[in-house]
Structures are given as C-alpha cells and as structure tokens.
Amino acid sequence: MVNILFSRGYTTMSVILLLIGMLAFTEVELTAAQTLGACYGANGNNLPPPQEVVDLYKSNGIGRMRIYDPNEGALQALRGSNIEVILGVPNDKLQSLTDAGAATDWVNTNVKAYSADVKFKYIAVGNEVEPSDTRANYVLPVMQNIQNAISSANLQGQIKVSTAIKTSLVANPYPPNNGVFSDSAIQYIKPIVDFLASNGAPLLANVYPYFSYVDDHQQHISLEYALFTQQGTNEVGYQNLFDALLDSLYAALEKAGASNVNVVVSESGWPSDGEVAATIENAGTYYKNLINHVKGGTPKRPNWPIETYLFAMFDENRKDDPETERHFGLFRPDKSPKYQLTFN
C-alpha cells in the first residue's frame, strides 16, 4: 500500500497522514461494530446448556455478554471465547460482601480464577436497587470492596466496577436537558457517581422505552416514538424515546457533578407478548432499529457509539409476573431466532 502511494506522487508526510486517517477510520468502525452485547438471562427450566449458549453468541457475532451471577457453567464455557463480560453481584449477596474479606474471596473465586482466559469488562454490583431498599446502603461499600479486591488481583486496568440503575431515578426527564436525579435518589446515587468518576468507570443503566410507553401511551408517548419509527424530530429535537431517556440521565449526571461519567446501556428490550403493544412485530422492529441506532449517538453525545446490551438472549419461563417478563427473548429456548436480526 505504501509503495503504491509513493508511486502516485504522495510525499512522506502525506502518506503518514493518510495512514493515520485510515487507522482512525478503522478504529471507529471497530468501535461501532463492538458496541452490542446481549444479556444471558438464565431464569428458565428449558434453556440450552451454557456451552451451547456461548456458541450461539459466537455464531451470531455477539461479542459481549451480561451475566447476572457467577454461574460456574457459564464462566467455564466463556473460557477462550473472547466474549467481553459484565459479571453481576446479585442483590441478595450485597450484604455479605460488605465484609472486605468476603468480597476478596468472591473476586478470587469468580473473577481472578477465570481472568486468564475470560474477558471480564465490568462488575455490576447490584441491579436496579431502589434507593428506599435497605440494600441500597450496601451498594457503595461493596463497590469499594470489589474495587480493592480487583486492584489486589492486579486486574484494575482490565475491569471496571459499577452498578446498574433504572432510569426512573431521574426526575423531570422531559425535555431531556431538565433531567435531574430525584430527591429520593440523590443521596443514594451521588456518592456512587463520584466513585465512578474517580475510577474512570461508566454508570450502567437499564433503558426501556417499552415501560415508559406503557406508562404514558394514552397521553404523550406514541408507539412510533418508542420504536424509532417516528418521522422527524419533536419540539425539543428528539426523534426517539431511547435517546430522550439516555440524555435525561446524562443531564442528571451533569447536575450531580459527574459530566465525565459515561453511560453503558446494560439492558434494553421489548417483549413479544403479555401486555399492551407487546407483539412479535413491535419487538422485532424495536430490536432491529436499536441495533442500527446504537452505532451512532444521542443529541447530547453525538457520534459516540452507545455500548448496549440487548435484553435478553432467551425467553425465561420462570420469571415473575407480569407476563411480559417472560417474553423478552431474542431466541427461543430451542435456539431458533424469534426475529430476523443481524447483530453487529
């Protein structure tokens, strides 16, 4: 390539600049291609074994996985897969891990023991813990303990420690620039985002236009706005609800003094059955459009690929009510695709 460029009369400097540009373009392309993951929900009694699940990720080009607890079968299957992993600390384990020794044992057993050939990216300490929940008092101390244990294992350059929240912690989400953490949430979330900022870690957020649509579809939110199919932008410059929810969270982070904290969408999906607008057609439209959309950015963070984890890999027949909870799968338990999607 370089010889060809010189033969066409390019100077040394112009060749260098051109190659730098090509490398930068390649990096952007790779970043965009790697923004997508899927959540491996395993709350079903009819799901394939972990090795088949990992193989399904690989055959579909899904390079990131979120697992909600350190399932030994899943971790063994992930060895050598090159799949990047969010590993969860379940809510019911939080209290026990406020003990620093217990947190170190947890990291040594579930992370360090696999770290040579499993690509852990984030540890999610708790999932959607409500500020009013007693367990909210444990989240930050456990994050600190896990961080210390990760550092002791010399894995701090590879793994970031965070927690996954609901977007409902944001008050005044519309217009998105008015987003602010609610009075009930700010005391809980402010020390957490300070921890994230000081450690260069993202905030994980479960972003569900579906639930916002169900709560408000009779008054303000159209199905087209929720499914990325609206033509043109609304009065505040937004074309879809996903961006509006995400940017309201960014606005809340800015007001909390954490404008440098990035948001990773740790869950987003649409159910295919069970309630209003939960159909195969709507869910397929949502997933297809979401996959295409996250290659770009939001109005507040344009040209910034959105790291996003689709929820979820399978329908989970043992999930609690409402019925929609059992119908978020991208694949059926027999591994057949529910929708015609191209991942990455």
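This note sets out several points on the core, the salt bridges and the strand pairing of a predicted model.

1. Nonpolar core. The largest nonpolar core holds 112 residues. The members that touch the most others are V111, V125, I146, F181 and F242. For I146, once its neighbours within four places in sequence are set aside, the contacts are L97, A103, W106, V107, I123, V125 and V161.

2. Salt bridges overall. Across the whole structure, 16 salt bridges are found.

3. E84 and R64. These two residues form a salt bridge in which the closest N and O atoms are 2.7 Å apart. The pair links distant parts of the chain, since E84 belongs to strand β3 (residues 84-89) and R64 to strand β2 (residues 64-67), 20 residues apart. R64 is buried, because its relative accessible area of 9% falls under the 20% limit. Both residues also belong to a network of salt bridges that links R64, E84, K121 and E307.

4. E130 and K166. Here the closest N and O atoms of the salt bridge are 3.1 Å apart. E130 lies in the loop between β4 (119-127) and α6 (136-152), whereas K166 lies in strand β5 (residues 160-166), so the bridge ties together parts that are 36 residues apart in sequence. E130 is partly exposed, with a relative accessible area of 31%. K166 is likewise counted as partly exposed, at 30%.

5. K338 and D315. This salt bridge has its closest N and O atoms 2.7 Å apart. K338 and D315 both lie in the segment after β10 (308-310), and the pair therefore ties together parts that are 23 residues apart in sequence. Are the two partners buried or exposed? Both K338 and D315 are buried.

6. Strand β9 and its partners. Strand β9 (residues 263-268) is mostly covered, with 6 of its 6 residues buried. Strand β8 (residues 203-206) runs parallel to β9 and is joined to it by 4 bridges; N206, for instance, has E267 of β9 as its bridge partner. Strand β10 also runs parallel to β9, through 2 bridges, and S268 has L310 in β10 as its bridge partner. Between β9 and β10 the chain passes through helix α11 (residues 280-293), and this β-α-β crossover is right-handed.

How values were computed:
Residues are numbered from 1 along each chain as its sequence is written. This is a predicted model: local features need pLDDT of at least 70, side-chain atom pairs count only at pLDDT 80 or more; totals for chains, interfaces and linings use all residues. Side-chain values use heavy atoms; hydrogens and water are left out. A nonpolar core is a set of buried Ala, Val, Leu, Ile, Met, Phe, Trp, Tyr and Cys residues joined through side-chain atoms within 4.5 Å. Buried means under 20% relative accessible area, exposed over 50%, partly exposed in between (1.4 Å probe, protein chains only). Contact means heavy atoms within 4.5 Å. A salt bridge is a side-chain nitrogen of Lys or Arg within 4 Å of a carboxyl oxygen of Asp or Glu. Two strands pair if DSSP finds at least two bridges between them. A crossover is right-handed if, with the strands pointing away from the viewer, the path from the first strand over the helix to the second runs clockwise.
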